[in-house]
Amino acid sequence: MNRNEVLSNLKKNPGISVLIIGGGINGIGAFRDLALNGVDVLLVEKGDFCSGASSASSHMVHGGIRYLENGEFRLVREAVQERNRLLQNAPHLVKPLPTTIPIFRRFSGLLNAPLKFFRLLNKPSERGSLVIKLGLIMYDAYTGRQRVVPKHRFLSRKESLAKWKQLNPNIVNTATYYDGAILQPERLAVELILDAESENPNARAINYVSMIGGSEDTIILRDELTDDTYDVRPKLVINAAGPWIDFTNQKLGLSTRFIGGTKGSHIVVRHEELRKAIGENEFFFENEDGRIVLIFPLYDRVLIGTSDISVENPNEAHCTDDEIDYFLRLTRRIFPSLSLNRENIVFQFSGVRPLPHSAATVTAQISRDHSIEVLSGDWTHLTFPVYSLVGGKWTTFRAFAEQVTDKALAHLGRKRKKDTRSLPIGGGRGFPRDSADLKRQIESLSAWTGVTRERLKVLFERYGTRAEAIATFMNGGTDFLLRSIPGYSRREIIFLVQHEKILHLDDFVLRRSMLGMLGRLTREMVDELADVFGNALGWKAEQKAAEVARTLSILADKHGVRL
Ligand SMILES: Cc1cc2nc3c(=O)[nH]c(=O)nc-3n(C[C@H](O)[C@H](O)[C@H](O)COP(=O)(O)OP(=O)(O)OC[C@H]3O[C@@H](n4cnc5c(N)ncnc54)[C@H](O)[C@@H]3O)c2cc1C
């Protein structure tokens, strides 16, 4: 069913087992698991999928070494296991990431962990080698027998400076351990949705549909493209609205204070020397007051972040001048000989972590764990329970979804039939094991579809083994590379429009592709893309102009990109 069919079907059959409000990674994770277990489930997202907190991540799939210090051992163990599973289940989009901590002191922070554990310390401070060593030993231990990534390694000052020549010579040594990089999180999320829908015809996810209210047994949805409204009658509602969870509960007449969101921003810079200086390593370190900073290799760019600032209204989050100054200053501290400035910034973004409401005075100490808050019975005037999904990380979405699904299945009186622990995701299915296997797959696909090996290599990098379906489609009609973006062809884009729920131009430039985030866009590209999308989606001239204007304004207002 396409979007219109799903919506018109809702008019005729408003009864559903589960309604999920919010299409960030937590809503999508629960959607997939419920779908795989045969539940009829509808997910609605007020904007595009993964346009909230899930679009603002640091792109790390990580156990969260620093949570050890907060005593969150359960979370770290779970996150390390989930990191390993994501590396195995989505190898096309999640890659092992050597992560290097430059260390400036030997003994600092020795008392932090025990003091924090007993709630006697609020103010973070920089950690020294010894504390980091202890943390990394524990971190490696959590990986256990699942040795998906190598163990950590310490390098002396001399070895470190020989390896990273631009590194600040004031370091005492470096520690390198492994986590994962999730290169295109938004693409991974869309692939999860497509997997779920292809398994279960009664599972549907639609973007640009908001939940606007509800009472007794009914929830009201609004199609943001047409303003039409729809009544649905669910047996269970999952509020997966991330930082908007309390606002969403309010629309249902429920007064909650589950969320205490903190804003985090990032910048993406084009700086060849810095990119070369970090190699394929993420640099992960603390500034003098203990806040975390990361310098991350993102394709040929460098991603730098992040902040952690309490906010009340998630709609107002944006990357401020102060945050940018802070990122530039800290990068200079690690690589003092490189001149990085505002002119190098090609993209910026900001999002709000849906953390649990907390009395902690230091935001870094608020738990990153996840929980399900249940509202039912006397608490509500509704005939169905509402589960609010509080917290959670990209890394742990599968485990969180499993817990939510188990609870939902119990409520519906059903049994789990499938689990997702070792289930490949989207283009990770049958992904080549090594470069020889990749070469073989490309050669055979090229012979079969007539698409060149060079193009197929790009398609594999972007889509994993979905490259096969895309190349077959490309071969089914006249195809040509776009004039202004020769990395993309017309039929590749038509395939995405037909299969990946793209409704606005910005869905493609910001979330189905990396064109926006990597700062590759020009005005000419936006115009050409609007032509291709316009032809595929039947846009008239005014709609095309409106889409271009919308994309340019989002780029300027939210991402500091003026074309
Ligand atoms: C700065 C930053 C860095 C991070 N870095 C990492 C990292 O490196 N690794 C990691 O594992 N995690 C990271 N995280 C955490 C992770 O990104 C988030 O915890 C996760 O994305 C939360 O997902 P969510 O689905 O709960 O919320 P969201 O992604 O915000 O999804 C909620 C969705 O609900 C929708 N919605 C709201 N109201 C309604 C309504 N009425 N009707 C319909 N839809 C509605 C919103 O539009 C939104 O898309 C980071 C988070 C931030 C902010």
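In these legends, buried means under 20% relative accessible area. Please keep in mind that every view shows a predicted model.

View 1. Helix 11 takes in residues 397-412.

View 2. Helix 12 runs over residues 435-449, 15 residues in total. From its first C-alpha to its last it reaches 21 Å, close to the 21 Å expected at 1.5 Å a residue. Its buried residues are Asp 437, Ile 442, Leu 445, Ser 446 and Thr 449. Because they cover an arc of only 165 degrees around the axis, they are on the same side of helix 12. Turn to the other side of the helix and you will find Lys 439 and Ala 447 exposed. Helix 13 (453-463) and helix 14 (467-474) are included in what covers the buried residues of helix 12.

**View 3. The second largest pocket and its lining.** This pocket has a volume of about 840 Å³. It is lined by 34 residues, and those closest to its centre are Val 497, Gln 498, His 499, Glu 500 and Lys 501. Several elements give two or more residues to this lining: helix 1 (3-12), helix 7 (185-199), strand 7 (203-207), helix 15 (490-499) and helix 18 (541-559). Which helix gives the most to the lining? That is helix 7, with five residues. If you like to think in residue classes, the lining has 13 nonpolar, 11 polar and 10 charged residues.

**View 4. Asp 506, a buried residue of helix 16.** Asp 506 sits in helix 16, which takes in residues 505-512. With a relative accessible area of 2%, Asp 506 is buried. What does Asp 506 touch, not counting residues up to four places away in sequence? Its contacts on that basis are Tyr 208, Arg 511, Arg 550, Thr 551 and Ile 554.

View 5. Most residues other than glycine have a negative phi, and most peptide bonds are trans. Here are some spots worth a second look. The peptide bond from Gly 305 to Thr 306 is cis, with omega near -5 degrees. Thr 306 belongs to the loop between strand 14 (301-305) and strand 15 (309-310). Tyr 299, in the loop between strand 13 (292-298) and strand 14, is a residue other than glycine with a positive phi, near 50 degrees. At 31% relative accessibility, Tyr 299 counts as partly exposed. Cys 50 is not a glycine either, yet its phi is positive at about 55 degrees. Look for Cys 50 in the loop between strand 2 (41-45) and strand 3 (60-61). Is Cys 50 buried or exposed? Cys 50 has a relative accessible area of 0%, so it is buried.

Notes: Residues numbered from 1 in each chain as written. Predicted model: local features only at pLDDT ≥ 70, side-chain atom pairs only at ≥ 80, totals over all residues. Heavy atoms only, no water. 1 Å grid on protein atoms, 1.4 Å probe; cavity = no way out; pocket = protein on both sides within 12 Å on 5 of 7 lines; lining within 4 Å. Points joined across faces, edges and corners; volume = space filled by probe spheres on them. Helix = DSSP H or I, 4+ residues; strand = E, 2+ residues; numbered from the N terminus. Nonpolar A, V, L, I, M, F, W, Y, C, P; charged D, E, K, R; others polar. Expected span 1.5 Å × (residues − 1). Buried < 20%, exposed > 50% of the residue type's maximum accessible area, 1.4 Å probe, protein only. Arc of directions from axis to C-beta. Contact = heavy atoms within 4.5 Å.
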